[in-house]
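Thank you all for coming.

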Amino acid sequence: MSAIEVSSLEKLYGQLKAVDGISFSVRKGEVFSLLGPNGAGKTTTIEILEGLRQRDGGQISVLGADPWKKGYQLHKKLGIIPQGFTFFPKATPREAVTYYSTLFGVKNDPDVILRKVILDDASKVYFENLSGGQKQKLGLALALVNSPELLFLDEPTTGLDPQARRNMWDVIRGLEKEGHTIMLTTHYLEEAEVLSDRVAIMNHGRIITDGTPADIIQKHGSGERLEVRGDEMLADYVREKTGFDVTYDAGNVSVRLRDKRDAVIALASIDQSGLPWKDLRTRHDSLEDIFVKLVGGSLEEGGTIKRSSDKSNLARETTTR
Amino acid sequence: MASPRRVLADLKVFIRGYTRSKIGLFFSLVFPIILILLFGAIFSGGNGGPINVYVENRDGGPVSVAFVKALDNKNTTRVTLVEGNQNLSQYLLSHSANQGVLIPSGFTQDYLSNTTVNVIVYTNPADTSSPIVYETVNGIVTSFNAANSTRLHSIGINQLNIKSQTYKYIDFLIPGLVGFSVLTSPMFSLVNISSEYKKTKLFKQLSLTPLTKTEWLTSKVIWYVVLGIISFFLMTQVGSALFGAHLDYALMIIPFLVIGPLFFVSLGMLVGMVSKSVESAAVVGNLITFPMMFLSGTFFPVSLMPMYLQNIAHGLPLFYLIDGLNQVMIYSNFSQALFDLELMFVLSAIAFVFAVAFFKWRED
């Protein structure tokens, strides 16, 4: 049974196709992530599903209803943290939970909800004085007051420090264990990999791949790799001597392995080259590697794409110096 | 259907935020009091400058013109000419004035033909400026009589007291400042809130709850009605206790204190919603608020202004609020107040409907 069904969804901003005919579904009880850089169309998609924006094409169903037409009724069943969650500056988390509970017409013990999101220690601090992580936790707390069937978390950890981000992950994992269906947008690849049952990678308004993180890595990854730190000459030498698929990127020489014997051959070749190398390791592709491969760049902290060519230029500069 | 429970919940959280922000409270409650103290002190009967004397010259001949010129001597008295053939006593009452001089028709001819003629000096025995004005007029009369050597006393003085209750500046100032408070608190606050919430997308968040736009707006109107009543109480008490303001209290004041905030909350909301940024909203808000504040009779009667400004004032909603309060609290003229109230009601209903219509929770 699907909590969300999306078919050929489209959204235009003037001439720009922010969402370009995407289709996916979110099953009940799973964590589904929309992953992509800024401007990929993630927030537009999630806001259409929340009933905040009207679509220009396609069909959608959220808990069996059209969110634009039935938004008011649907919101009683949804928990939502919008991107850049904010609240009344002079209200405390405790007051905020009480306020939302009254609006939704439900009885809640604010302390219980705040404990659930690990915010009970700041229950009497004004919103304006909360840290970024605490503010996001309050957003999550408010999203929970109506015991929602479905949670939309739009970039819930953006701008948080690593520790606060991991705290938030713990809270989201706890909600998943309780059986909540969660739709998450993020530009943090690790976050999507760690939290999600299934992921859809978006770019330029389109879904370029989707599935479980393992399926995506399996489908688009290049298997096991042997990697050493070295220069481009080393990469050329190993490629020439072994005929293996060898790549060089920013001081990293990477050899694709078909089986275990390839590792021995590659290592022998590296040793014979007489060129300096260090930091030997083998590894599988991560979701980040797949992202770089599919999108053509890696994701920066702010959600922007850093192209591979930028990295190469930087590496060359470093080598020259 | 609006839910009182949600309105109250929203009202509660808004009041907390409002009262915890000292700036809002300062401008709502303390600032008008400061204005009362300031203007009350300035206009409470001190004789620091020339005394304003309203003069109605029904003659227009050269002698009467010279008489008026002598009275307009800049140091002691300054003349404000009253046009037309008016009831000067009533005119002085409606302008909260304590001194006036009426020069009768035929003044010049009588003076030149040595016929006795009287100028009428209206004074207020309770006002300290009145004896000065009387003595000044008396001095001018004496000098005119001395110039006319053929008769000793061709010009005489007939002194009359201004009838009815003595109005003071503070009596007009308080209803004006009540109107000022009813205008500024919701206008500034709602312009800021609506543009700020739009920018931070707090409205979008609220749209994800069962709270409706009408409920949100209603809770704001309720708060500003309560704040307006508190402010009214404080201002009238301070005005009466410190400056002896004479004001009538009637139940008809209450609808003005309800409809006023309804209008200005809606107007503030509209300005905030149609403005593209917080900064432009503040500019537009000030452009609307300040001229309205000064042209609607907040600090001085509209009738003192040039006619073109009076025409502009009659197009401003605040004018009808202040005029209505003046009619109830000073003149006890309830029929005029009812007219003002009806007009305000219609304007407020239109503004509220427009505010709800332009108020967008969802898509930008």
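What you see is a predicted model, in which local features need pLDDT of at least 70 and side-chain atom pairs count only at pLDDT 80 or more, while totals for chains, interfaces and linings use all residues. Residues are numbered from 1 along each chain as its sequence is written, chains are lettered from A and ligands numbered from 1 in the order in which they are written, and side-chain values use heavy atoms, with hydrogens and water left out.

I start with strand β6 of chain A, residues 150–154. Strand β5 (residues 78–81) of chain A pairs with β6(A) in the parallel sense over four bridges, and within that pairing A:L78 has A:L150 as its bridge partner. The pairing of β6(A) with strand β7 (residues 181–186) of chain A is also parallel, over five bridges, and here A:L150 is partnered by A:T181. By buried I mean under 20% relative accessible area, by exposed over 50%, and by partly exposed anything in between, with a 1.4 Å probe and protein chains only. Five of the five residues of β6(A) are buried, so this strand is largely enclosed by the rest of the structure. In a regular strand the side chains alternate between the two faces of the sheet. Here A:L150, A:F152 and A:D154 point one way, A:L151 and A:L153 point the other way, and all of them are buried.

Chain A also holds an open sheet of four strands, in the order β11-β12-β10-β13, with antiparallel pairing. Its edges are β11 (246–249) and β13 (278–284), and because each has a single partner strand, one side of each is left without a neighbour in the sheet. Neighbouring strands are turned by 20° against each other on average, direction ignored. Helix α9 (residues 232–242) of chain A packs on this sheet and touches β10, β11 and β12 of chain A, its direction making about 175° with that of β11(A); contact means heavy atoms within 4.5 Å, and such angles, running from 0 to 180 degrees between N-to-C directions, are taken from lines fitted to C-alpha atoms, for helices over the stretch in contact. Strands β10 (residues 224–229) and β12 (residues 252–256) of chain A pair in the antiparallel sense over five bridges, with A:R229 opposite A:N252.

Now to the charged pairs. A salt bridge is a side-chain nitrogen of Lys or Arg within 4 Å of a carboxyl oxygen of Asp or Glu, and a search of the whole structure finds 22 of them over all chains. Which residues does A:E47 meet in this way? One partner is A:R53, with the closest N and O atoms 2.6 Å apart, and another is B:K204, at 3.1 Å from N to O. The latter pair crosses between chains, from helix α1 (residues 42–50) of chain A to helix α8 (residues 202–207) of chain B.

Within chain B, the closest N and O atoms of the salt bridge between B:E215 and B:R6 are 2.9 Å apart. This pair links distant parts of the chain, 209 residues apart, with B:E215 in helix α9 (residues 213–243) and B:R6 in helix α1 (residues 4–20). B:E215 is buried at 0% relative accessibility, and B:R6 is buried at 8%.

I finish with chain B as a whole, which has 14 helices and five strands. Of its 364 residues, 53% count as buried. On helix α6 (residues 130–147), B:A147 is by contrast exposed, with a relative accessible area of 60%. On helix α10 (residues 253–274), B:V274 counts as exposed too, at 52%.

Notes
Helix = DSSP H or I, 4+ residues; strand = E, 2+ residues; numbered from the N terminus. Pairing = 2+ DSSP bridges.
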